[in-house]
Amino acid sequence: MCGPGLRLEQRPVTKRRVLLGLIPNPAKGVGLERARLIAAGALAVVAMLAFGLIMTLPERVDVSPTALSVARLDEFAADAPACRAALAANGFETAAVPDVDGAGRCGYTGAVELTRAAHSFSEPMVSSCALAAGLALWERDVVDAAAARHLHQRVARIELAGETYTCRPVAGRRDRRLSEHAFANAVDIRGFTLEDGRVITVAQGWRGRREDRAFLRAVRDGACRHFQAVLSPDYNRAHRDHLHFDLGRDKMCR
Ligand SMILES: [Zn+2]
């Protein structure tokens, strides 16, 4: 009844037959599998460690004295001459303005007027040098790219909403805390004049044409990389007609 093949299958697993390689060693198979699992696990751990290391490495920052970057804005806040040197080395022009000793804690020292940037301004852009540097970088890196993408043209002029320096509390807050405007450390932008002469205002454009809405949100969102607080009509009614950028302590992007 039993054929020769069947008899072969029934032979016991002997050490000699395993050594001869006639049948696989079951114990060796389990060991190999375990070794493979350990190796894969070790590889995964090494990969995770390497990824973690890459993620925690500081971003490579140009530290030359003339470098103009968002990473240096903190340094510029404490060192106006370094700020002005970096702006000048990168094609932006500033003029020193007299210090102001305002009422109470209001006032500023070491402020500048940004006299040449990527666009002109509707009125003198007087602010702390760090804020001027942030604005110059935002104009260069964000505004024209957003205008090209959403409006298919360039911005000709930035429409400021009044003087950047005003000795007053934060608009729309009850605690009377002084605004960064009281230290010339904030700027309000009410709109943009395009190269074809059209003006996009925050008041009209925020809920206006689709491309205007997209452009205004793009320049608002882009500003969040450059400034501490970026406030738009999304924040409160006090900001329904302008974008507010400052380099104060509070990080906000709305
Ligand atoms: Zn403001």
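Predicted model: local features only at pLDDT ≥ 70, side-chain atom pairs only at ≥ 80, totals over all residues.

His152 sits in the loop between helix 6 (129-151) and strand 7 (155-160). Its phi is positive, about 60°, although His152 is not a glycine.

Ala184 likewise is a residue other than glycine with a positive phi, in this case near 55°. Ala184 belongs to the loop between strand 7 and strand 8 (186-194). Ala184 is buried, because it has 28 other C-beta atoms within 10 Å and the cut-off for a buried residue is 20 or more.

## The chain as a whole

The chain contains eight helices and twelve strands. Of its 254 residues, 31% count as buried. Among contacts between residues at least 6 apart in sequence, 52% join residues at least 24 apart.

Strands of a sheet pair through backbone hydrogen bonds, in either a parallel or an antiparallel manner. An open sheet is formed here by three strands in the order 1-4-6, with antiparallel pairing. Strand 1 (93-96) and strand 6 (126-128) are the edge strands, each pairing on one side only. Direction ignored, neighbouring strands of this sheet are turned by 45° against each other on average.

Strand 4 (residues 111-116) runs antiparallel to strand 1, and four bridges join the two. Within this pairing, Thr94 has Leu114 of strand 4 as its bridge partner.

## The pairings of strand 8

Strand 8 pairs with strand 7 in the antiparallel sense over five bridges; Arg157 has Thr193 of strand 8 as its bridge partner. Strand 8 also pairs with strand 11 (residues 243-246), again in the antiparallel sense, over four bridges.

Thr193 has Val199 of strand 9 as its bridge partner. Strand 8 and strand 9 form a hairpin with four residues between the strands, in which Gly197 takes a positive phi near 95°.

## Helix 6 against helix 8

Helix 6 packs with helix 8 (residues 210-223) at an angle of about 160°, and the two axes are 9 Å apart. Helix 6 is therefore roughly antiparallel to helix 8, since angles over 145 degrees count as such. The crossing of helix 6 past helix 8 is right-handed. Residues of helix 6 that make the contact include Trp138, Val142 and Leu151, and those of helix 8 include Glu211, Phe215 and Val219.

In soluble globular proteins, nonpolar side chains tend to be buried together. The largest nonpolar core of this chain has 53 residues, of which Leu87, Leu114, Ala130, Ala132, Ala133 and Ala136 touch the most other members. Helix 6 supplies the largest share of this core, 14 residues.

What does Ala132 contact, leaving aside its neighbours within four places in sequence? Its partners are Leu87, Thr94, Val112, Leu114, Met125 and Ser127.

Notes:
Residues numbered from 1 in each chain as written. Buried ≥ 20, exposed ≤ 12 C-beta atoms within 10 Å, placed from the backbone. Pairing = 2+ DSSP bridges. Axes fitted to C-alpha atoms, helices over the stretch in contact; angles between N-to-C directions. Core = buried A, V, L, I, M, F, W, Y, C linked by C-beta atoms within 7 Å. Contact = placed C-beta atoms within 7 Å. Parallel < 35°, antiparallel > 145°, perpendicular 65-115°, else oblique. Left-handed = near helix turned anticlockwise from the far one by under 90°.
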